[in-house]
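Here is a short briefing on selected local features of one chain. Please keep the sequence and the 3D view open while reading.

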Amino acid sequence: AGADRRGRFARRRGTRVMQQEGTMHQPLLETGRQSGGLRIAGRRISLRALMLTGLALLVAFGVVWVTTVGHREADKMQVAPEGPCRDSESCLAIIDSFLERQPRQTYMSGGVGLMQTFGPDSFGGGDCGEHMCKLVEPCPNYQQTPHCRFDVYDNALAAIYLTKRGKLPQARDVLGAFLQLLYDDTGKMVLLAASYTDAPAKAGDYQGVGVSDGAVDTGNNAWIGLAFAHFAAATGEACYARVAREILGQLKQGVSCMDDKLGGFASRLAPYPHFYRSTEHNIDAFSLARALNATAEAASAAQFIRSMWGHSDQAPPTYVTGTGDAEQCDRAIPLAAAAADVQFWSLLSDADPDTGRKQASMEFALRSPPMDASGDAKLDGLWCTDVDRIGSPGGDGIGSRLHGFRFTTWGNGIQWENTASAVMALAHYRASYAPKAPLKGLDNAINAARSSMMSLLTSYRAMPASVLGGNINAYIKNDHAADYPGGSDTGIGWTYLRYPHVAATAWAGLVFMFENDKGKIDTNANPFGLPAKPVPSRQE
């Protein structure tokens, strides 16, 4: 039940070989360090220029169409970049533009609202017919529930990106939406559900038309706390730090297992509680507690993370996804897939100081099973190669060979959110651990995955969740050898289809801030790391 920050239950779909025709997992080939492909920076339109243009249109045509989108500042009047993502700054401009135009909830006071997670509209599922390839518009599952998802994890990550990018008014808008869902009419804090819709919801709502997923998960709420903590550190505004501390206090009160020998936090609170402890959730909670200088809570979460090392028979040199769900603070460790985020996020958080474990888990992640693998050999590694058979709506990127990481060892196809965070983790490893614990193929993996991300931003003007075609029916068929297999299968109960994805795009932005084109590292862009400035203290 790990790798479940969106509140889904993990279930095994089988350990099937990844067999996309001619695009199977490729060994890492040593190549020179690449700085990226062709791109140009986007243009900015000043508020004055926009007003003059509007006046001219008024004179010429007698009509001016005006669109209002919440609290928009003058420095946000930026059109989408016209050229490709050729270096860090031009890539960041594309990401800025994507997040700026992403649909928001519109019912909240003050013009704030969460961003839509997937879409708007798909990138197309391929030419295998309506039943197997046509994607639902404007977002997944819209036919079943005519609302799109507004996931709190994606929005917390976007708020952190905007904060690190120096776009504080935009970050403040996202946090303002969180505040309206965190505090009820009496001023009492209630933790957030995993996902909302564009229909009205209020603090404490965990079902109804305004709620897409009512699970109250530790990891999601820890990410919200991290967004407030990073913003408080950047601005010096102590009231935002207070919110982060209240979130951590709620988690400690509701799901702490600090008295248990494994330590850590359980994963889900009322109204739909679950007892399992997720390694990924505890990475999130550890990072929040450390940022807030909550030493006891950080130590407990770190103890749990370290205790999850080496318990998998299928993937011994990895951190397992977590414990069982039979009783409060369950200590049993069930069979589960090795999850990419658990390996890479534990590295980014530095929750486990054991360099040998970091080296071993990264060596495992950088392996990929051969095309003819069977049995346990299919589970050996997370690195894979996909071919984009469809390309962007404008026809760009067709036939591109892309490199990255699958979601789990039971999954199929590159998942770009995990790949982006993996690139940051590998760059962190190269800067901090590689001198004493070298990794074969490390430079090539960073270069290949980073170049793939740049290619996608050039073609799609956003990061897609997956480039693999097919729809939910193709996914259910479970034919990983098909040209259009139904997106990138996590292997644990859901898939990612060809839609623009806020989390993948925000992670990509953090990557380009974390390591620039010259290889210089800015640790402040690591969402799991300590902010460059301290979070304001309780006294402040």
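**Loop residues and backbone features**

Gly397 counts as buried because its relative accessibility is 19%, and the cut-off for buried is under 20%. The model is predicted. The points below start with Gly397, then turn to cis peptide bonds and positive phi values.

**Surroundings of Gly397**

- Gly397 sits in the loop that links strand 6 (383-388) and strand 7 (400-405).
- Leaving aside residues up to four places away in sequence, Gly397 touches Asp388, Gly391 and Ser459.
- Thr458 is 61 residues from Gly397 along the chain, yet their C-alpha atoms are separated by 8.6 Å.

**Cis peptide bonds**

- Gly119 and Pro120 are joined by a cis peptide bond, with omega about 5 degrees.
- Pro120 belongs to the loop between helix 2 (88-101) and helix 3 (130-133).
- Glu137 and Pro138 are also joined by a cis peptide bond, and omega is about 5 degrees.
- Pro138 lies in the loop between helix 3 and strand 1 (150-151).

- Asn293 is not a glycine, but its phi is positive, near 60 degrees.
- The loop between helix 8 (279-291) and helix 9 (295-307) holds Asn293.
- Asn293 has 63% relative accessibility, so it counts as exposed.
- Cys329, likewise not a glycine, has a positive phi of about 55 degrees.
- Cys329 is placed in the loop between helix 9 and helix 10 (340-349).
- Cys329 counts as buried because its relative accessibility is 13%.

How values were computed. Residues numbered from 1 in each chain as written. Predicted model: local features only at pLDDT ≥ 70, side-chain atom pairs only at ≥ 80, totals over all residues. Heavy atoms only, no water. Helix = DSSP H or I, 4+ residues; strand = E, 2+ residues; numbered from the N terminus. Buried < 20%, exposed > 50% of the residue type's maximum accessible area, 1.4 Å probe, protein only. Contact = heavy atoms within 4.5 Å.
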